Amino acid sequence: MTREKIHETLSGYDKKDLKIATICSHTALQIFHGARQEGIKTIGICTENRRKVYEAFPLGCPDEFIIVDDLRNIPSDELLEKNALLVPHGSLVEYSGDLSEIKVPMIGNRESLSWEKDREKMFEWLTASGLQVPATNEPDKIDRPCVVKLAGAKGGRGYRVVNSPDEFYEHFEGMNVTVQEYLIGVRVYPHYFYSPLSHEGYRASEGKLELMGIDRRFESNIDEAYRTEKVGLSFTPSFTVVGNELLVVRESLLEEIMKMGKNVTESADRLFGGIPGPFCLETVCDENLQFFAFEVSARIVAGTNIYPLGSPYTAYLYDEPMSMGRRIAREIKLAAKANKWQKIIY
Ligand code: ATP
């Protein structure tokens with residue numbers, strides 16, 4: 001689907017009847033809740049068994065469901081008929097094979113999602129942004145603790161730390177993985193929103209950058225290691241994401257956090273035509289207060305679910321509760337007002 005084709009589709013939409021659609025998973029409650037706050041109708045793509053989960057939270061429930069057998073099947077024709085704009089989130093990126101094939105207009109630049117999905121391209125993007133990144137190793141050269149990562153956005157599932165080539169081959173022989181130096185420090189995951197439509201605030205590229213929040217993840221079993229060890233059990237550390245917790249950083253770190261976001265925005269412009277909308281960096285801040293980035297997510301991340309009514313940072317940006325979900329819906333309204341759809345949709 002070319003950009004031109006998507007914009008042609010969009011020009012046929014009834015702009016007074018636009019709807020926000022997403023897969024019922026990941027950050028869907030927040031996306032529906034935020035759209036409702038902004039007065040935009042929503043569509044949830046859902047399996048029958050999940051429907052009752054969303055109905056259990058009336059303010060985060062979509063206005064209508066499209067029931068599918070499998071979340072990998074995006075009902076494009078039905079969405080197009082309903083003037084839907086698709087919000088991509090982590091589950092959509094993981095489930096929906098080739099995103100470039102989806103016929104429904106997406107909020108943001110879908111090209112950025114292919115840069116997130118391919119680890120080599122993602123590192124090219126991070127390095128082009130001037131960020132410090134962990135060293136990546138050939139399996140035969142492992143001489144220190146390294147995290148071995150499976151391909152795709154798996155929420156850390158199946159990852160393992162290995163200390164030698166032997167240990168690597170014992171667990172990952174023949175598998176498609178990345179071997180990355182284990183970073184020591186505090187994990188800091190800032191959530192950004194880049195708007196090309198506004199020129200006030202913290203300038204980045206042709207628009208402005210907002211820091212919408214920061215989180216840290218809770219991963220099993222590593223994040224409860226002290227308890228496990230206390231009761232005398234030994235265990236192999238694993239990194240499966242279970243949840244997220246709020247993080248506020250010392251204020252002097254904000255300068256670097258904003259700078260990293262700005263650099264990522266501007267290199268996205270050069271590499272693939274920009275990253276309008278939400279994105280997140282996964283970083284580790286070490287004892288010298290140096291940041292190392294090991295991942296960039298080119299869309300809304302689950303860590304934003306901590307802040308459905310705003311974060312300790314949006315409190316200084318908005319005089320009203322502002323979640324990332326609501327911010328996305330607000331951007332649609334701003335684009336409508338300025339008639340600048342092409343800047344935020346592909
Ligand atoms: P998602 O796409 O959901 O973000 P993922 O499967 O791509 O997840 P990562 O985010 O790369 O996985 O890593 C999962 C977790 O593993 C991180 O949250 C972090 O705790 C740990 N981790 C990853 N890389 C490193 C590293 N280089 N050093 C230390 N810890 C790491």
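Author: What follows describes the sheet, then the helix on it, and ends with a helix pair elsewhere in the chain. The model is a predicted one. The sheet is open and has three strands, arranged in the order 6-5-7 with antiparallel pairing. Strand 6 (160-162) and strand 7 (177-181) are the edge strands, and each has a single partner strand, so one side of each lacks a neighbour in the sheet. On average, neighbouring strands are turned by 35° against each other when direction is ignored.

As for the pairing, strands of a sheet are joined through backbone hydrogen bonds, in a parallel or an antiparallel way. Here strand 5 (residues 146-150) and strand 6 pair in the antiparallel sense, over three bridges. Within this pair, valine 147 lies opposite valine 161 of strand 6. Helix 8 (residues 165-172) packs on the sheet and touches strand 5, strand 6 and strand 7. The direction of helix 8 makes about 145° with that of strand 6.

The helix pair consists of helix 6 (residues 110-117) and helix 7 (residues 119-128), whose axes come within 5 Å and cross at roughly 105°. Helix 6 is therefore roughly perpendicular to helix 7. On the helix 6 side the contact is made by Ser112, Ser114, Trp115, Glu116 and Lys117. Helix 7 contributes Arg119, Lys121, Met122, Glu124 and Trp125. Sorted by class, this contact has five charged, three nonpolar and two polar residues.

Note on methods. Residues are numbered from 1 along each chain as its sequence is written. This is a predicted model: local features need pLDDT of at least 70, side-chain atom pairs count only at pLDDT 80 or more; totals for chains, interfaces and linings use all residues. Side-chain values use heavy atoms; hydrogens and water are left out. Axes are lines fitted to C-alpha atoms, for helices over the stretch in contact, and angles run from 0 to 180 degrees between N-to-C directions. Helices (H or I, at least four residues) and strands (E, at least two) are DSSP runs, numbered from the N terminus. Angles under 35 degrees count as roughly parallel, over 145 as roughly antiparallel, 65 to 115 as roughly perpendicular and the rest as oblique. Contact means heavy atoms within 4.5 Å. Ala, Val, Leu, Ile, Met, Phe, Trp, Tyr, Cys and Pro count as nonpolar, Asp, Glu, Lys and Arg as charged, and the others, Gly among them, as polar. Two strands pair if DSSP finds at least two bridges between them.
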